[in-house]
Amino acid sequence: MKKIILLFVLLISVFNSFSQTSNFSFKQDSDRNLWQKFTYDLGSIAGGMGYAYSRPLYWKGNQFKNAAFVAAGTSAMYLIDDKIDNWANNWRGDVPRWLTDYGNEYGGPNTNFRLTGAVYLVGLFTKNPKLRRTGVLLISSASASGLLQQVSKRIIGRARPKANVGKGTFDSLHFDRVYNYDSFPSGHVMLGFTNAYVLAKHFDSPWIKAGLYTVGSIPGFARIVDRFHWLSDVVFSTALSIFIVEAIDKYLDTKYDKKYNDKRKTKKVAWDIQFTPQSFGVVMNF
């Protein structure tokens, strides 16, 4: 636990140092060289994580209402956790092993950061600003989710189903990880669904979105099948993933000009240029 906190503080210090000593925010993105873009992105990753963590301090009516819904939904799932675990015993053996192996591997941190890092680097080296921004959102969301769940599961110390001591058994407030007492929340669920939720933002089609959400839900399903997590762990972790992605995405809107599939922004630009003499004809044609 101490190592995790120290590592986080070190990373934030390094990222902030990059963003302060290499502050190129006054430049257009096209005017930055590769190193300047990279250091700018590091600062954006750190800033996005900090922004997500600080959002509860600025919540208002609707945000508190949404938090209450998540708490109520998690509590409702908690009431049936044991029943769901017992019910799953009837069909656990029928689930294809390749499916659960995929869920456990896809939601793991090693696979996750290889994927998110690859997306970012492709966007950086191909000079694709939308893909680069997507990579920044993926990395910052995964990092914020990963750190939060590592810290919180040690504080909460909930027993996993496989410990066979019931859904309401806790061994809380440990600095070092206590295996089988680190069920809530689920890191695999948060990392897996975070990726799917970010990628789904690129598409308007509800069918494509549904497909991506389904793939992103496989880690949660696999963790229930293998008795690593309760249903309430999965439900809460999925909701928390959405909150983190949305918060960081909003922050990145202030840092980057290009955004994937943003029709609203395109329309806004069209209306903005009507104030210049050259734009009048464009607006009329629109």
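**Loops, helices and salt bridges in a predicted model**

Guide: Arginine 227 is found in the loop between H9 and H10. The structure it belongs to is a predicted model.

Visitor: What makes the phi of arginine 227 worth noting?

Guide: Phi of arginine 227 is near 65°, a positive value in a residue other than glycine. Lysine 127 also has a positive phi, near 55°, and sits in the loop between H6 and H7.

Visitor: Why does lysine 127 count as exposed?

Guide: Exposed means over 50% relative accessible area. Lysine 127 has 65% relative accessibility, so the residue counts as exposed.

Visitor: What is the make-up of the protein in helices and strands?

Guide: The protein has 12 helices and 0 strands. Of its 286 residues, 42% count as buried.

Visitor: Why are H8 and H9 called roughly antiparallel?

Guide: Helix H8 (residues 187-200) packs with helix H9 (residues 206-225) at an angle of about 175°, and their axes are 8 Å apart. Angles over 145 degrees count as roughly antiparallel, which makes H8 roughly antiparallel to H9. The contact includes His188, Val189 and Phe193 of H8, along with Lys209, Leu212 and Tyr213 of H9.

Visitor: Why is the pair of arginine 97 and aspartate 226 called a salt bridge?

Guide: A salt bridge needs a side-chain nitrogen of Lys or Arg within 4 Å of a carboxyl oxygen of Asp or Glu. In the pair of arginine 97 and aspartate 226, the closest N and O atoms are 2.8 Å apart, so the pair meets that limit. By this rule the count comes to 13 salt bridges.

Visitor: Which side chain meets arginine 132 in a salt bridge?

Guide: That of aspartate 41, with N to O at 2.7 Å. Arginine 132 is in helix H7 (residues 129-156) and aspartate 41 in helix H2 (residues 34-54), 91 residues apart. Arginine 132 and aspartate 41 are both buried.

Visitor: Which residues are linked with Arg133 in a network of salt bridges?

Guide: Lys201, Glu246, Asp249 and Asp253. Between aspartate 249 and arginine 133, the closest N and O atoms are 2.9 Å apart.

Visitor: What makes Leu34, Leu121 and Phe125 a patch?

Guide: A patch takes residues with over 30% relative accessible area and no salt bridge, and joins nonpolar side chains within 5 Å. Leu34, Leu121 and Phe125 form a nonpolar patch on the surface, with about 290 Å² of accessible area together. Phenylalanine 125, in helix H6 (residues 109-125), counts as exposed at 54% relative accessibility.

Terms used
Residues numbered from 1 in each chain as written. Predicted model: local features only at pLDDT ≥ 70, side-chain atom pairs only at ≥ 80, totals over all residues. Heavy atoms only, no water. Patch = residues over 30% accessible without salt bridge, like charges linked within 9 Å, V, L, I, M, F, W, Y side chains within 5 Å. Areas by Shrake-Rupley, 256 points an atom, 1.4 Å probe, with all protein chains shown as cover. Helix = DSSP H or I, 4+ residues; strand = E, 2+ residues; numbered from the N terminus. Buried < 20%, exposed > 50% of the residue type's maximum accessible area, 1.4 Å probe, protein only. Axes fitted to C-alpha atoms, helices over the stretch in contact; angles between N-to-C directions. Parallel < 35°, antiparallel > 145°, perpendicular 65-115°, else oblique. Contact = heavy atoms within 4.5 Å.
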